Amino acid sequence: MIRLGLRLTLAGGREAAVRLAVMAGAIGLGAWLLLSTLAGVNAVDGQFARLAALGAQVHADDGPLWWAERHDYFDGRSIERYDAAVIDEKAPVPPGLPRLPAPGEYFVSPALAELIAAAPPAELGDRFPGRRAGIIGDAALPSPGSLNIVVGGTPDFVSQLYRAQRVAAFPTEASGIPVAALDLILSVVAGGLLFPVLIFIGTATRLTAARREQRFAAMRLIGGTPRQISAVAAVESTVAALLGTAAGFGLYAAFRVRLAGIPFTGMPFQPEDVRLGPLVIVAVALGVPVGAALAARVALRRVRISPLGVVRRVTPKPPRWYRLIPMLVGVAELVFFIGRVPSSSTAQVAVFLPGLLLIMAGLVTAGPWLTMVGARLLARRAQRPATLIAARRMADNPTAAFRAISGVVLGLFVTTTAVGIIQTIAAERGRHVDTLAAGTMITTFERNPDSVPAPLVAGLTADAGVRSVTVVRDNPVRDTGYSGVVRCADLPAEYGRCADGAVVAYTWGDLMGYRTTHGSGVIWPAAPVTEAQAAAQPVISVVVGTDGSTAVLERVRTTLQRAFPDLRVLPATERDRAEDQTSQLAGFEQLASVVIFASLPIAGCSLAVSVIAGLTDRKRPFSLLRLTGVQLGVLRRVVALESAVPLLAAAVVAIAAGLLGAQLFLTAQMGYTLHLPGPTYSAVVAGALLLSLGIIAATFPLLRRITGPETARSE
């Protein structure tokens, strides 16, 4: 029977070849996405292990190494700076370094070395006095573009840095970092891709299903046993699965480097971290064909029951309302956790993402019921034959009617949810970073100095791009809501003005506040403090207003770092911090784009295959209708209505569910109100729907060819 199955599969004519190609292509896409997901999980684990090489340490009171970590910036990019001081010769050497730097030396990552060489010294290189001792190896670089530097210092200096620690060892595992949460997010994103692919595979396996079932039933009638029929079907599915799996491995190998370039965690992966283990390779290579063979056995359950099971068809039971339960449970879960957000990031991911998955699964399970309800309403109001025939067919088998457009529905849901969440977060986090905030360099002190050297202020103001230098001092009056005070004579007009009659005013350390209204229209309240009393207070910050150009900002940053080398929080603008906070968001946006532009074309292919399969299975009924005088235009309208009505209705439900899911997530997790997606989203959705309608219309020429009189005679 295996030989017969191979002959039917490989030499069964054009119809068998097309079906084999479609099945192999669908399985290849699924295998590729599965392999990419598993490799992505390994990449996340590997990246955080590299991050732990310098960012995590084993601390001990008698450790032989002083170590301090600080965060710097250059032109919107983050720089990780590590200060090291050797206490004795037993000091541990972190991965990626041949040795520890001596005072006056530093090891630098390749990307940062290129920046130092390209930028003027006053903008970057002067921050790191001394000589370059070498390059940091890949073992300590989570990304090819990582900007890392390890600077050698004396124990007296490094030990006084804020939060400096004595280190006994450097681990190579990312303990305490939410790798599990990132893995779960990646798995859910992969689910957003795999759902349409699985639907595509299911649709492809049903291509010419009626003809195959009739052929297998005929084989049963001439003496074939259920075991033999299952063997023939399993051979066909296994051959397609083997070809598809091989194609999936080929696609993975071709796109592995591009996968490494997706900044899912906020930065690209090292290409060698995007890998598959031997067990995973074996499991996928064997599991996909075995799964296809088992699916073939399940698909032939009617033929195994009776040889006449294909002929004696009955109307399937209509779907019931309880198919809505998964979607309602997902919505209820998101509603429940409004105001009850878990504290840990891993728990938050484990709470919210399953809720979105339930809504996604609920759309699939509830789709047939919604299609049935819509079809019955359409049948009651039908005034033309095409409308009535389409409505009665959809109501007769709503599962089959929805199956054709389920991939598009899921693609729209994933698109809507991803775009709604990402654009809202980006809008909320970025709306307070205006031109003033982006051009203001802020230096905050942990150990507050008594004063700022006059030559430093003079040097800063001498730069043509610097507009103002303001020294903010500690507020001696507690419980006012303001951290600092400033002389009204020193307050630049672009940051507001003092209340009438005030000499000293309350203010915030950065003259702008955290996500509050700021600028020239702000009126700072008077402080009951004299100028002499204010001058006696320690300095909490230095605020430098600039023209916002990169060169000026970096010169100011370098000057302040050289003047205050022991800062824990290095000088930064609000834009620096905002971009740093949203770097992972940019990675999520990249993934959302992948989901959008991959799932919708796959869903379109699924729709095309499903419509063609439906037409092929109904060649004889449509041919008989044409013989009785039904015009071809009527049949075209039937086909269009059968696909377009559930498509448009389900699209509305999917978009509404996506917006609702995004709003509930944003409300529960961040307290944000959903920002409706912009014109780009509308264009993508409109394009997806128009493409789907175009695919339906593209099948009309096939309808003419398969419904001729010869079809009715041959059948």
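Visitor: Where helix 10 passes helix 22, is the crossing left-handed or right-handed?
Guide: The crossing of helix 10 past helix 22 is left-handed. Just keep in mind that this is a predicted model.

Visitor: Okay, and at what angle do helix 10 and helix 22 pack?
Guide: The angle is about 20 degrees, and the axes of the two helices lie 8 Å apart. Angles under 35 degrees count as roughly parallel, so helix 10 is roughly parallel to helix 22.

Visitor: Which residues make that contact?
Guide: From helix 10 you have Val331, Leu334 and Val335. Helix 22 brings Leu660, Gly661, Leu664 and Ala668.

Visitor: What about helix 22 and helix 23, how do their axes cross?
Guide: Those axes come within 10 Å and cross at roughly 160 degrees. That makes helix 22 roughly antiparallel to helix 23. Helix 22 passes helix 23 in a right-handed crossing.

Visitor: And which residues meet there?
Guide: On the helix 22 side, Val639, Ala640, Ser643, Ala644, Leu647, Ala651 and Ile655 take part. Their partners in helix 23 are Tyr681, Val685, Leu689, Ser692, Leu693 and Ile696.

Visitor: Let's talk about the inside. How many residues are in the largest nonpolar core?
Guide: That core has 53 residues, and Leu412, Phe413 and Leu615 have the most contacts inside it. Several helices supply at least two residues each, among them helix 11 (345-380), helix 14 (406-430) and helix 20 (583-617). Helix 22 gives the most, with 13 residues.

Visitor: What does Phe413 touch?
Guide: Leaving out residues up to four places away in sequence, Phe413 touches Leu356, Ile359, Met360, Leu363, Ala654, Ala657 and Gly658.

Visitor: I clicked on Val645. Where is that, and how exposed is it?
Guide: Val645 sits in helix 22. With a relative accessible area of 26%, Val645 is partly exposed. Beyond its neighbours within four places in sequence, Val645 is in contact with Leu378, Met394 and Ala640.

Visitor: How far apart are the C-alpha atoms of Val645 and Ala391?
Guide: They are separated by 9.2 Å, while the two residues are 254 residues apart along the chain.

Visitor: New topic: which strands do the buried residues of helix 3 pack against?
Guide: They pack against strand 2 (65-74), strand 3 (77-86), strand 4 (105-108), strand 5 (131-135) and strand 6 (148-152). The buried residues themselves are Ala111, Leu112, Ala113, Leu115 and Ile116.

Visitor: What does the side chain of Asn42 reach?
Guide: Asn42, which is found in helix 2 (residues 14-55), reaches the backbone oxygen of Arg275 with its side chain, at 2.9 Å. Apart from residues up to four places away in sequence, Asn42 touches Asp273, Arg275, Leu276 and Gly277.

Conventions. Residues numbered from 1 in each chain as written. Predicted model: local features only at pLDDT ≥ 70, side-chain atom pairs only at ≥ 80, totals over all residues. Heavy atoms only, no water. Core = buried A, V, L, I, M, F, W, Y, C linked by side-chain atoms within 4.5 Å. Buried < 20%, exposed > 50% of the residue type's maximum accessible area, 1.4 Å probe, protein only. Helix = DSSP H or I, 4+ residues; strand = E, 2+ residues; numbered from the N terminus. Contact = heavy atoms within 4.5 Å. Polar contact = N/O pair within 3.5 Å; in protein donor to acceptor, adjacent residues only side chain to side chain. Axes fitted to C-alpha atoms, helices over the stretch in contact; angles between N-to-C directions. Parallel < 35°, antiparallel > 145°, perpendicular 65-115°, else oblique. Left-handed = near helix turned anticlockwise from the far one by under 90°.
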